[in-house]
Amino acid sequence: MTSKNIALTTLHVRRADESVEVAQVSTVAAATFSSHKPWRRFRSYRGATHYSGNYWCATMAEPVEYESRLELANLIELDFDPQVQWVRAQPFLMSGVDGKRIRRHIPDYLVKFASGEYCVIDVKPAALLDHPKVRESLTWSRTVIDAVGWEYRILSEPTPARHANIRFLSGYRRPFQFRAAELAAIASVVEQPMTIRATVAEAAEIVQGAEYARSTLFHLLWTGRLNTDLELPLHDSSILTSAT
């Protein structure tokens with residue numbers, strides 16, 4: 001793909017009022033996506049080959065769309081990542097010339113990191129990455145995104161054991177279900193490495209109940225105020241450490 005073709009590639013952004021803003025790659029800015037709407041509608045219907053829906057994203061404090069279980073898995077991972085400041089689904093349609101053909105592609109996510117950098121993400125099963133058509137499309141996408149000056153990532157299946165833990169902890173991601181004072185008190189219990197069992201036993205006296213203490217502890221793990229080895233299955237004997 002020539003530099004001229006790259007420069008002529010356009011990004012189409014759908015607004016909340018259904019209007020479409022078109023910008024060339026050379027002029028696009030992150031502010032373009034401040035009020036975007038996902039390019040496609042996420043539909044669920046009988047016989048559908050994809051599992052789509054909305055995931056309440058703690059990072060965004062609002063639902064974010066996904067079109068497959070693999071997208072959902074990676075969306076949960078992004079939500080857990082403390083470096084992710086916001087994430088937007090299907091941020092734009094890319095359209096441009098690649099050799100003798102016209103390409104059109106809709107990335108799955110646009111992410112802004114705490115560093116201020118932006119990253120465009122495509123989610124593809126690992127088994128498809130060597131397929132010629134998929135590889136050509138993703139290579140073109142990477143070239144275009146590189147021209148914008150953003151990072152480009154292709155995400156596939158997450159590490160099973162770690163993802164199982166993160167998916168479990170995501171059930172405790174909603175901050176409005178917990179009290180700030182109790183979170184701080186339970187976090188302070190872990191002054192030195194402790195097991196989950198021992199921490200819950202001490203925390204139960206603070207919040208007057210082991211079940212709520214355990215839930216609060218899992219929220220602290222989700223937010224990163226407490227840490228443990230997520231490569232191993234979570235268990236009462238898992239060792240907790242403080243992030244401070």
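The model is predicted, so local features need pLDDT of at least 70 and side-chain atom pairs count only at pLDDT 80 or more, while totals for chains, interfaces and linings use all residues. Residues are numbered from 1 along each chain as its sequence is written, and side-chain values use heavy atoms, with hydrogens and water left out.

**Exercise 1. Find how helices α5 and α7 pack, and which residues meet.**

Step 1: Locate the pair. Helix α5 covers residues 180-189 and helix α7 covers residues 210-223. Helices (H or I, at least four residues) and strands (E, at least two) are DSSP runs, numbered from the N terminus.

Step 2: Look at the geometry. The angle is about 85 degrees, and the axes lie 10 Å apart. Axes are lines fitted to C-alpha atoms, for helices over the stretch in contact, and angles run from 0 to 180 degrees between N-to-C directions.

Step 3: Name the arrangement. The two helices, α5 and α7, are therefore roughly perpendicular to each other (under 35 degrees is roughly parallel, over 145 roughly antiparallel, 65 to 115 roughly perpendicular and the rest oblique).

Step 4: List the partners. From α5 come E182, L183, I186 and A187, and they meet Y212, A213, T216, H219 and L220 of α7; contact means heavy atoms within 4.5 Å. This contact of α5 with α7 is made up of six nonpolar, two polar and one charged residue (Ala, Val, Leu, Ile, Met, Phe, Trp, Tyr, Cys and Pro count as nonpolar, Asp, Glu, Lys and Arg as charged, and the others, Gly among them, as polar).

**Exercise 2. Decide whether H219 and A184 are buried, partly exposed or exposed.**

Step 1: Take H219, which sits in helix α7. Its relative accessibility is 4%, so H219 counts as buried (buried is under 20% relative accessible area, exposed over 50%, partly exposed in between, with a 1.4 Å probe and protein chains only).

Step 2: See what surrounds H219. Leaving aside neighbours within four places in sequence, H219 touches Y172, R173, R174, P175, F178 and L183.

Step 3: Turn to A184, in helix α5. With 37% relative accessibility, A184 counts as partly exposed.

**Exercise 3. Describe the largest pocket.**

Step 1: Start with its volume, about 390 Å³. On a 1 Å grid over the protein atoms alone, a pocket is an open set of points where a 1.4 Å probe fits, with protein on both sides within 12 Å along at least five of seven lines, and lining residues have an atom within 4 Å of a point. Grid points are joined across faces, edges and corners, and a volume is the space filled by probe spheres set on the points.

Step 2: Check the lining. There are 19 lining residues in the largest pocket, and R40, E71, D108, V123 and K124 lie nearest its centre.

Step 3: Trace the elements. Helix α3 gives the largest share of this pocket's lining, four residues.

Step 4: Sort by class. The lining of the largest pocket has seven nonpolar, four polar and eight charged residues.
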